[in-house]
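Subject: Structure handover

Hello,

Here is the structure I promised to pass on. Please open it beside this email and look up each residue as you read.

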Amino acid sequence: MKSQYRVVVIGGGVVGASVLYHLAKFGWTDVVMLERSVLTAGSSWHAAGGIHALNADPNIAALQAYTIDLLSEIEAESGQNIGLHMTGGLTMAGTPERWEWLQSAYRTFQSIGIEDCRLVSPKEAQDLCPIMSTDGLLGGMWADREGYVDTTGTVHAYAIAARKRGAEYYEHTKVEELIQTDEGWQVVTDKGTITCEHVVNAAGLWAKQVGRMAGVELPVSPLKHHYLISDTIPQLEELDFEVPMTVDLEGFTYLRQDQKGVLLGIYEIDHEHWAMDGAPWDYGMELFQEQTDRIEKELILGFERYPALQEVGVKTWVNGAFTFSPDGNPLVGPVPGKRGYWTACAVMAGFLQGGGVGKSLAEWMIHGEPEADVYGMDVARYGRFAENRRYIRETTGQFYSRRFVMTYPNEQLPAGRPLKMAPAHDAMTEAGCKWGVSWDLEVPLYFAPKGFEETPTLKRSNAFPIVAEECKAIREGVGLLDITGFSRYEVTGPRAEAWLDRMMASKLPEPGRARLAPMLSETGKLKGDLTMLNWGDGTWWIMGSYYLREWHMRWFADHMEDGVSVRDLGEEVCGFGLAGPKSRAVIEKVAEGDVGALPFMGCGRFDIGLVRAHVARMSVTGELGFEISCRMGDHVALRRMLLEAGAEEGLRECGFNAMLSTRLEKSFGIWNAEFTQGYTPGMTGMDRWIAWDKPGFVGRDAALAERDGNGPTHRLVTLDVAAEDADASGFEPVWAGDTKVGFVTSGGYGHHLQKSLAMALVEPDHAEEGTELSVHVVGVERKARVIPASPYDPTGQAMRA
């Protein structure tokens with residue numbers, strides 16, 4: 001072992017070994033992996049080793065598919081047998097709602113390019129898995145690319161292949177301390193100190209302690225997980241094929257063959273955390289005593305689903321620990337504020353996602369960004385609020401217990417909530433507000449009569465007419481929306497203007513004006529759909545999506561230069577938005593100064609009653625509107641004042657559901673739907689805001705190459721969908737006849753136009769207005785037609801009034 005490396009990877013499980021392998025594969029061979037015990041000692045050695053290509057996030061699905069393809073490559077490269085069994089897989093539904101969801105999910109998988117799956121009847125499913133009872137089952141989905149691996153063999157294959165490419169790894173080498181230096185890190189081990197530029201926390205069950213060594217409190221916790229391995233089942237001995245990986249969603253179990261018995265795994269409702277501060281250092285190859293009383297209900301369901309289990313014994317019980325994040329996805333990437341410190345942990349499905357995690361992190365480290373949009377597993381999707389112990393316990397437990405529980409798109413889950421609340425939260429709740437959550441913040445969805453409860457559904461909910469009334473108020477009168485859930489960053493300093501000119505692809509706004517501003521990566525992909533505001537005194541604001549606060553601040557910090565200061569105002573500033581043709585009449589009643597004379601996209605400081613406020617004339621609803629930002633302490637007073645001033649104008653409080661409906665009628669895209677870091681400006685229409693004649697902005701060369709080359713692969717369009725009782729939501733396939741030509745980015749109902757609308761990325765040949773297409777909505781094919789953008793007020797007269 002040398003005293004200096006470029007990268008030190010901490011942890012010798014499947015994830016650490018994959019990171020090591022990919023760093024070497026992509027050209028960084030001066031890298032080492034340290035394991036305190038032996039390879040696989042932790043969660044890897046006792047994992048069930050299941051693999052499958054299906055995931056609701058298309059980017060993670062693509063990385064899972066990459067992992068599956070990689071497995072046979074590392075087996076050949078290393079010469080290590082990984083015990084790959086590609087059996088295919090079944091996912092079964094036992095309620096009408098679940099079967100409807102599964103049919104919808106099948107179409108989503110088609111949309112994201114997973115073609116080797118199909119829907120099957122209970123009879124077909126039983127033919128594929130003869131030991132399964134189909135009592136109560138309505139149908140299932142079959143996927144070709146499912147199976148399992150030998151977990152120990154797979155970890156060793158990654159490590160051996162990495163060593164053959166020039167990387168190193170050492171067992172029985174315990175990391176005891178991390179010291180950050182100006183050049184990188186000192187990794188203090190029981191075998192000596194290593195100096196390196198980058199450290200990767202792939203410590204699995206010990207990720208919490210390795211994070212704390214660097215002053216990082218990661219939102220992870222281990223939970224116990226059971227599976228059993230049965231004795232030989234005579235019925236399996238008679239088969240000439242292996243039964244497939246099978247998931248019984250209503251039974252909370254998964255099953256695969258193990259020799260001539262089966263492995264039955266359980267995600268029990270009654271979850272149990274373990275070692276929330278990290279596993280003991282001397283733990284590794286141990287298991288816990290089985291807790292059959294805690295898993296009794298799920299065991300009974302499993303034995304009923306697979307009656308053959310009732311006739312044989314249990315050969316082995318496994319009750320081991322796996323590490324989970326609040327949403328169950330990995331924590332990957334550079335930790336904000338800790339240059340050179342990277343995470344690759346909380347990878348619950350390590351043998352399924354480990355290859356993709358290793359690939360993405362290696363690309364990120366070497367090239368500055370991963371090829372895929374990996375926001376769904378980016379460590380920066382959480383902020384300091386997620387360090388809270390109770391938050392971690394509630395959210396990780398909720399994820400575990402709901403692993404196989406159906407969650408509806410309009411369902412609000414309780415764990416870790418309410419946390420941050422705008423100052424007027426209680427008053428708004430009294431007024432009927434129903435809340436959702438964005439990052440740590442409670443955000444208003446709509447205002448309902450007392451006692452109203454929304455019914456979870458895949459289709460239009462019983463809140464549909466309530467949202468319709470709020471949309472009517474916005475279109476015909478005036479709506480009031482809490483906009484605490486917008487992010488705001490203050491940019492100051494002698495180099496502020498020059499820095500913004502480099503960071504943003506658009507022109508900068510003149511003093512007293514605002515401007516839409518795409519921000520690009522070096523490869524020309526989107527890094528933000530932002531709004532810049534020039535307050536005229538050397539102070540600038542950037543506004544964007546609230547839940548991207550940590551993510552954007554990391555990006556700003558990575559591109560910082562002397563003479564510039566960027567400050568996140570998210571804990572200081574909140575506000576309200578007025579939207580609708582009567583919004584000017586309301587704000588003029590309470591404003592000092594001629595706020596009504598603000599031009600469209602104008603901004604300035606005004607006294608709104610007793611409140612000193614920043615006011616911008618803009619609204620995402622497409623109506624005349626004003627966004628009023630104030631101090632947190634002024635939020636309650638500002639709301640009272642605006643409600644009183646708007647009483648004669650019929651002002652109505654509204655939520656984000658109405659805003660999303662009205663923005664669809666204007667074909668306004670939003671982040672994580674129309675705009676992501678996987679898309680380009682040309683695909684999404686954001687190229688209209690690019691100042692092509694401006695030199696030197698980040699991503700300019702790549703954006704020009706797209707514009708002047710073959711153009712984008714897809715274009716963003718608006719669709720009028722012939723839907724009935726449900727609307728598209730995202731990732732549904734778009735068809736021209738039998739050919740898939742695109743996918744929906746987001747959808748919903750346009751209450752003013754009384755149309756089901758969707759925005760979609762489609763191939764350029766099918767993007768012309770009037771093109772007849774079709775879309776699957778909750779699994780049912782519906783006719784659709786490309787319509788002109790901004791079907792409501794296409795000339796923009798309302799918002800410019």
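Below are my notes on salt bridges, contacts, backbone geometry and one surface patch.

First, the ground rules. This is a predicted model, where local features need pLDDT of at least 70, side-chain atom pairs count only at pLDDT 80 or more, and totals for chains, interfaces and linings use all residues. Residues are numbered from 1 along each chain as its sequence is written, and side-chain values use heavy atoms, with hydrogens and water left out.

**Salt bridges**

How many salt bridges does the structure hold? There are 50. A salt bridge here is a side-chain nitrogen of Lys or Arg within 4 Å of a carboxyl oxygen of Asp or Glu.

Start with arginine 390 and glutamate 394. Their side chains meet in a salt bridge, 2.8 Å from N to O. Both sit in helix α10 (residues 389–401), and because they are four residues apart, about one helical turn separates them. Helices are DSSP runs of H or I with at least four residues, strands are runs of E with at least two, and both are numbered from the N terminus. Arginine 390 is exposed, at 53% relative accessible area. Glutamate 394 is partly exposed, at 27%. The cut-offs are under 20% for buried, over 50% for exposed, and in between for partly exposed (1.4 Å probe, protein chains only).

Next, arginine 549 and aspartate 568. Their closest N and O atoms are 2.9 Å apart. Arginine 549 is buried, at 5%.

Then comes arginine 785 with aspartate 720, at 3.7 Å between the closest N and O atoms. Arginine 785 is in strand β38 (residues 780–787) and aspartate 720 is in strand β33 (residues 715–721), so the bridge ties together parts 65 residues apart in sequence. Arginine 785 is partly exposed, at 33%. Aspartate 720 is buried, at 15%.

Is it buried or exposed? Isoleucine 787 is buried, with 9% relative accessible area. Leaving aside neighbours within four places in sequence, its contacts (heavy atoms within 4.5 Å) are Thr718, Leu719, Asp720, Leu757 and Glu769.

Serine 583 lies in helix α15 (residues 583–590). Serine 583 is buried, at 0%. Not counting residues up to four places away, serine 583 touches several residues, including Gly477, Leu578 and Phe626.

**Backbone geometry**

A cis peptide bond joins arginine 417 and proline 418, with omega about -15°. Proline 418 lies in the loop between α10 and α11 (425–430).

Which phi values are positive in a residue other than glycine? Glutamine 259 has phi near 55°, and alanine 346 has phi near 60°. Glutamine 259 is in the loop between β14 (253–258) and β15 (261–266), and is exposed at 61%. Alanine 346 is in the loop between β18 (341–345) and α9 (350–367), and is buried at 3%.

**Surface patch**

Glu763, Asp765, Glu768 and Glu769 form a negative surface patch. Patch residues have over 30% relative accessible area and no salt bridge, with like charges joined within 9 Å and nonpolar side chains (Val, Leu, Ile, Met, Phe, Trp, Tyr) within 5 Å. Aspartate 765 lies in the loop between β36 (755–762) and β37 (772–777). Aspartate 765 is exposed, at 72%.

Best wishes

Terms used. Accessible areas come from the Shrake-Rupley method with a 1.4 Å probe; for residues, only the protein chains shown count as cover. Lys and Arg count as positive and Asp and Glu as negative; His and the chain ends are not counted. The place of a charge is taken as NZ of Lys, CZ of Arg, CG of Asp or CD of Glu.
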